[in-house]
Amino acid sequence: MKVTEYFEKANGQTYISFEILPPLKGGKMKAIFDVLDPLMEFKPPFIDVTYHREDFIYKKKESGYYEKTAIRKRPGTVGICAAIMHRYGVDAVPHLICGGFSKEDTENALIDLHFLNVNNVLALRGDARKMDGKFIPEPNGNNYAIDLVKQMADMNTGKYLDGNIVDGEKTDFCIGIAGYPEKHFESPNINMDLEWTKKKIEAGADYIVTQMFFDNDKYFEYVDLCRANGINVPIVPGLKPLTKQYQLNSIPRLFHVNMPEAFAKELSKADSREAVKQVGIEWCIQQSKELKAKGVPCLHYYTMGDTKTIRKIVESVY
Ligand code: FAD
């Protein structure tokens, strides 16, 4: 079923969904099941699987020189989605990015997904590779997420890159996109960010999943701004429990989000790893309860493989 169909049939309930990462190359599929098995009792209608493009590393050769090699550390997104759907009978939502894909690669990946009956995709641009500094599309690749959305919307009408295909199979993708309550870090301001978000919706996107946030007011303000700007699709809040003290600095640096003062103070005061974790879990529980009380369509948890923490939170909320 499509993600948006779940929301349409929700009848006032707030769903729970989870986002997982593929294991590091050489890892086992069992690692995914170990994360998800204990979470399935919460009946997530869909599970997201992130996509990780290749990055460059330097490998030392016998000669002593270093060789620059491109490596994808976490392959397997599409296979994991198929395995999840097969094992649990729930929908899987692969993330698909522009980076590293020509439009032809994208088309072929989407055909695979369509044939596997994977009808939900989160369409993203992806970040810059560490060494590139800024996002560089592939030659003949998609530049922005909106180009990927357009390509998917075209395939939904039976239009493929090869203009000679007549009566092409129509795919049926429900298209999710990313949203940023505290604006995307490259955007000059929130209004310009929202303009691009609106264009993605006009191009065919069906719903939004937000970047993590730790201050619910940022989410509520964002939803109000979206609605005032004519963006009327469901907006799913993304939640991540903070469990380690260093994340107080690393999360703002990596994800460009703010830590509310009260939260930062409590975390700084916590004097053991357990105490820090407890503060993070409690904060996420309070965030979840308030969002649920306000009737959000779904609470989407970034699990990062930490099943125990996510279970504690969801058990307290439901
Ligand atoms: P875009 O919508 O392309 O926007 C990028 C920037 O360009 C923004 O500042 C926007 O305002 C601006 N912009 C948009 N369109 C245009 C245009 N046509 N012309 C000029 N400016 C424009 N990354 C991964 O690699 N793998 C994942 O699995 C993944 N999952 C994610 C899940 C969620 C819920 C979120 C919030 C992010 C995820 N990301 C993932 C990170 C994401 O790829 C980055 O945040 C990336 O920098 C931007 O992606 P986007 O789809 O928002 O890009």
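Arg53 is buried in this predicted model, at 14% relative accessibility. Arg53 forms a salt bridge with Glu54, and their closest N and O atoms are 3.1 Å apart. Glu54 is buried as well, at 17%. Both residues belong to a network of salt bridges.

**The salt-bridge network**
- Five residues are linked in the network: Arg53, Glu54, Arg129, Asp132 and Glu138.
- Arg129 and Asp132 meet through their side chains in a salt bridge, with 2.8 Å from N to O.
- Arg129 is buried, with a relative accessible area of 13%.
- Asp132 is partly exposed, at 24% relative accessibility.
- Across the whole structure, a search finds 13 salt bridges.

- Lys30 and Asp34 form a salt bridge, and their closest N and O atoms are 2.9 Å apart.
- Helix H2 spans residues 29-36 and holds both partners.
- Lys30 and Asp34 are four residues apart in H2, so about one helical turn separates them.
- Asp34 counts as partly exposed, at 40% relative accessibility.

- Strand E5 covers residues 91-97, and seven of its seven residues are buried.
- Asp91, Val93, His95 and Ile97 point one way from E5.
- Ala92, Pro94 and Leu96 point the other way.
- The residues on both sides are all buried.
- Strand E2 (residues 46-49) pairs with E5 in the parallel sense, over four bridges.
- Asp48 stands opposite Val93 of E5.
- Strand E6 (residues 120-124) also runs parallel to E5, joined by three bridges.
- Leu124 in E6 is the bridge partner of Ile97.

- Asp224 lies in H7.
- Asp224 has a relative accessible area of 54%, so this residue counts as exposed.

Methods. Residues are numbered from 1 along each chain as its sequence is written. This is a predicted model: local features need pLDDT of at least 70, side-chain atom pairs count only at pLDDT 80 or more; totals for chains, interfaces and linings use all residues. Side-chain values use heavy atoms; hydrogens and water are left out. Helices (H or I, at least four residues) and strands (E, at least two) are DSSP runs, numbered from the N terminus. Buried means under 20% relative accessible area, exposed over 50%, partly exposed in between (1.4 Å probe, protein chains only). A salt bridge is a side-chain nitrogen of Lys or Arg within 4 Å of a carboxyl oxygen of Asp or Glu. Two strands pair if DSSP finds at least two bridges between them.
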